[in-house]
Amino acid sequence: MIDAELIQQCADPSLKVEIVQKFIEEAGGADHLTVTVRAGERIILVPKPSTEDEAMELIEQNLGQSIVRVGVTQYPAGLGIQDISELSPDLLDSCKNIGMGTALFAKVYRIVTKWYGAPAQEALEDAILAYKTGWFEGKQVFYESDPDETELAEPQPAEQGEQVAAEGTGPSEPPFSEEDPNKAGIRIDLSGISNNNKEQ
């Protein structure tokens with residue numbers, strides 16, 4: 001879990017800390033050296049880098065032929081660059097990665113919220129998915145224009161969200177009745193079943 005203080009210091013100010021925490025928890029990497037390489041839907045297993053130099057080398061080896069995501073926010077390494085020489089070591093700095101990743105996510109979140117037409121809790125989940133895949137409604141979401149003035153939904157308090165989830169799930173039991181079961185309306189006589197089931 002990323003420290004809330006680091007988030008407040010580094011994250012895009014347009015996002016609430018709770019939203020950033022949820023975003024990093026669901027879409028982020030384990031640490032600042034996490035490099036994820038994908039080919040389409042498949043994740044390509046790569047050795048885990050132990051230094052920034054190893055991580056940069058890994059990024060350079062795979063960029064251009066695969067999708068490479070980097071760091072705490074799993075920022076798309078090739079976004080906005082034309083050549084590998086333009087890669088910045090800022091990708092591997094926790095604070096700068098959080099800054100870049102949350103700014104990009106905030107844009108995606110605004111795009112998704114605008115599509116919904118109003119602030120909605122569902123937009124957050126869809127925005128996280130769009131950030132992870134890079135696509136929303138058939139378009140490459142990172143390259144879409146930013147609807148700057150879009151109002152975002154307030155984060156739901158965890159307790160309230162859990163309570164709603166608890167109420168909405170689980171088997172529903174009929175209310176307990178104190179009526180005498182012998183006074184029930186319709187009955188079926190099952191006494192004949194035992195006679196038919198006896199072995200001959």
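The model is predicted, so local features need pLDDT of at least 70, side-chain atom pairs count only at pLDDT 80 or more, and totals for chains, interfaces and linings use all residues. Residues are numbered from 1 along each chain as its sequence is written, and side-chain values use heavy atoms, with hydrogens and water left out.

Start with the fold. The chain holds 7 helices and 6 strands. Helices are DSSP runs of H or I with at least four residues, strands are runs of E with at least two, and both are numbered from the N terminus. Read from that end, the order is α-α-β-β-α-β-β-α-α-β-β-α-α. Of the 200 residues in the chain, 34% are buried. Buried means under 20% relative accessible area, exposed means over 50%, and partly exposed lies in between (1.4 Å probe, protein chains only).

Next comes the empty space. Rolling a probe the size of a water molecule over the atoms shows where such space is left. The largest pocket has a volume of about 490 Å³. A pocket is an open set of points on a 1 Å grid over the protein atoms alone, where a 1.4 Å probe fits, with protein on both sides within 12 Å along at least five of seven lines; lining residues have an atom within 4 Å of a point. Grid points are joined across faces, edges and corners, and the volume is the space filled by probe spheres set on them.

The largest pocket is lined by 19 residues, and the closest to its centre are Ile-67, Arg-69, Thr-133, Gly-134 and Phe-142. Two or more lining residues come from each of β3 (67–70) and α5 (121–133). Strand β3 gives the most, with 3 residues. By type, the lining has 9 nonpolar, 6 polar and 4 charged residues. Here Ala, Val, Leu, Ile, Met, Phe, Trp, Tyr, Cys and Pro count as nonpolar, Asp, Glu, Lys and Arg as charged, and the others, Gly among them, as polar.

Arg-69 sits in strand β3. Arg-69 is buried yet has no salt bridge. Its nearest side chain of opposite charge, Glu-41, is 10 Å away. Lys and Arg count as positive, Asp and Glu as negative, while His and the chain ends are not counted. The side chain of Arg-69 does reach the backbone oxygen of Lys-132, at 3.2 Å.

Now to the charged pairs. Side chains of opposite charge can pair when their charged atoms come close. A salt bridge is a side-chain nitrogen of Lys or Arg within 4 Å of a carboxyl oxygen of Asp or Glu. By this rule there are 5 salt bridges.

Lys-22 and Glu-26 form one of them, with the closest N and O atoms 2.7 Å apart. They are 4 residues apart in helix α2 (residues 17–27), so about one helical turn separates them. Lys-22 is partly exposed at 27%, and Glu-26 is partly exposed at 31%.

Lys-22 also pairs with Glu-125, the closest N and O atoms being 2.9 Å apart. Glu-125 lies in helix α5 and Lys-22 in helix α2, so this pair ties together parts 103 residues apart in sequence. Glu-125 is partly exposed, at 37% relative accessibility.

Asp-31 and Lys-48 form another salt bridge, with closest N and O atoms 3.3 Å apart. Asp-31 lies in the loop between α2 and β1 (35–39), and Lys-48 in the loop between β2 (42–44) and α3 (52–62), so the pair ties together parts 17 residues apart in sequence. Asp-31 is partly exposed at 27%, whereas Lys-48 is exposed at 57%. Shared partners join Lys-22, Glu-26 and Glu-125 into one salt-bridge network.

Key. Polar contact = N/O pair within 3.5 Å; in protein donor to acceptor, adjacent residues only side chain to side chain.
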